[in-house]
Amino acid sequence: MEFSRKKGLHGEITIPGDKSISHRSIMFGAISNGLTEVSNFLTGADCLSTIDCFRKMGITIDVTGSHVLVHGKGLRGLTAPKEILDVGNSGTTTRLITGILAAQHFDCTLDGDSSIRKRPMRRIISPLEEMGASIQSLSGNDCAPLSIHGQALKGIQYNSPVASAQVKSCILLAGLYADGKTSVTEPEHSRNHTELMLRSFGAELTTNGKTAVISPANELYGQKIQVPGDISSAVYWVVAGLITPDSEITIRNVGLNPTRDGIIEVCRQMNGQISISNEHTEGGEKVGNITVKTSDLKGTTIEGSVIPRLIDELPTMALLACFAEGDTVIKDAQELKVKESDRIAVMVENLTKMGADVEGTDDGMIIHGTSKLKGAVIDSKLDHRIAMTFAIAGINADGITKVEGAECVNISYPSFYEDLDMLTK
Ligand code: S3P
């Protein structure tokens, strides 16, 4: 797909539902008693992979547009799948579902695409093994395909070496089935959707600082869930609005959970004109509208506890930094290397092709702002966040930018190009 320079982006966008919350609504609904009704569900490919996996384990799930009904069968109601569970491109599906599968009364195998087959799974295999689980990486490289032999589990106290909500959630879900309490302590706070939502489904779960503790459950109960818009999808319009001349964009109904709102803080630090309106709480999650205007930006340092609060937005923030005066340093973000692609290497390679002045480091990037990009051919590596970031780069560059593999946006934002057309026409 090709992009060329645009200016004067004006309009209002309602972005699709949050990916993390959509995944969890299906998983928690499936292992609860009764009906879970989900509104504004994200029908991106990743969340459809989660639905597909649970359907293969006997759960009826009705999808009508973004409205989903999950007919839960309770904590012990899943049945052995007859086929391999296909997680597609989804790390969240893989890691969270493994926590549930480790405790079932059946065996199964999980597999996914070529990117999933490179994502590290030792981070969940080790704590689950400590709980008594039996999980094998069939290629012997600690990646998928994973063969899982369901077992009785015991509660553990786990000190996670990474701030990862996927790791934390995997262990907490296994903890629902354990013989005693399970706790997870993280080095920094990661997103807390599992804690908030599991509690609303009736789980006994407490948090104390960076530690979450779950008790074994007898039953969970189906809920009504209103999924807020995904701030990780809003970031493309936030950055587009800040860097494209003569622009003002409002993004409606965005989830602003404090464990996810790092871009608001960093955009302000960079002198970005960004404001929040109509703030309210829906189903325990903070929601509001974000308005951004073209701004004179300055470089900053993005590091420490803010990193997990904007981890998926960092590639797009690196693009933003190209348009800021001075240097921006991204540190403590080594997790970027193990996402759908190595997002440090891929950002540095592609931004450099477009004429940006950027260096990769071991745990991030250093971007020397120049405010000048030129069109190039961009290999998205089929990473949805890379494809969307370079679409926004392309409308702010001289000449033509061609993004290869552009269709991969369907992973998290199937209507991305329609929204872009709407804003640029
Ligand atoms: C997610 C957690 C994050 C994030 C991913 C979704 C989740 O991954 O990058 O896109 O839904 O829990 P990590 O927990 O591995 O950092």
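Which residues of the largest nonpolar core touch the most other members? Here are some notes to read alongside the model, which is a predicted one.

1. **The largest core.** The answer is Trp237, Met365, Ile392 and Phe416, out of the 75 residues in this core. Its biggest contribution comes from helix 7 (residues 231-243), which gives 10 residues. As background, nonpolar side chains tend to be buried together in soluble globular proteins.

2. **A look at Trp237.** Leaving out residues up to four places away in sequence, Trp237 touches Ile13, Ile15, Ile249, Ile251, Val292, Ile392, Tyr413, Phe416, Asp419, Leu420 and Leu423.

3. **Helix 7 beside helix 9.** The axes of these two helices come within 10 Å and cross at roughly 0°. Helix 7 and helix 9 are therefore roughly parallel to each other. From helix 7, the residues Val235, Tyr236, Val239, Leu242 and Ile243 meet Thr316, Met317, Leu319 and Leu320 of helix 9. By class, this contact has eight nonpolar residues, one polar and no charged.

4. **Helix 9 itself.** Is helix 9 (residues 314-322) largely enclosed or exposed? Nine of its nine residues are buried, so the helix is largely enclosed by the rest of the structure. Among the buried residues are Leu314, Pro315, Ala318, Ala321 and Cys322.

5. **Helix 3 against helix 5.** Helix 3 (residues 91-101) packs on helix 5 (residues 165-175) at an angle of about 25°, and their axes are 6 Å apart. Angles under 35 degrees count as roughly parallel, and that makes helix 3 roughly parallel to helix 5. The crossing is right-handed. On the helix 3 side, Gly91, Thr92, Arg95, Leu96, Gly99 and Ile100 take part, and they meet Gln166, Ser169, Cys170, Leu173 and Ala174 of helix 5. This contact is made up of five nonpolar, five polar and one charged residues.

6. **Lys374 in a loop.** Finally, look between strand 23 (364-368) and strand 24 (377-379), where the loop holds Lys374. Lys374 is partly exposed, with a relative accessible area of 46%. Setting aside neighbours within four places in sequence, Lys374 is in contact with Lys353, Met354, Gly355, Ala397 and Asp398. Val68 sits 306 residues from Lys374 along the chain, and their C-alpha atoms are separated by 43 Å.

Definitions and conventions:
Residues are numbered from 1 along each chain as its sequence is written. This is a predicted model: local features need pLDDT of at least 70, side-chain atom pairs count only at pLDDT 80 or more; totals for chains, interfaces and linings use all residues. Side-chain values use heavy atoms; hydrogens and water are left out. Axes are lines fitted to C-alpha atoms, for helices over the stretch in contact, and angles run from 0 to 180 degrees between N-to-C directions. Helices (H or I, at least four residues) and strands (E, at least two) are DSSP runs, numbered from the N terminus. Angles under 35 degrees count as roughly parallel, over 145 as roughly antiparallel, 65 to 115 as roughly perpendicular and the rest as oblique. A crossing is left-handed if the near helix is turned anticlockwise from the far one by less than a right angle, and right-handed if clockwise. Contact means heavy atoms within 4.5 Å. Ala, Val, Leu, Ile, Met, Phe, Trp, Tyr, Cys and Pro count as nonpolar, Asp, Glu, Lys and Arg as charged, and the others, Gly among them, as polar. Buried means under 20% relative accessible area, exposed over 50%, partly exposed in between (1.4 Å probe, protein chains only). A nonpolar core is a set of buried Ala, Val, Leu, Ile, Met, Phe, Trp, Tyr and Cys residues joined through side-chain atoms within 4.5 Å.
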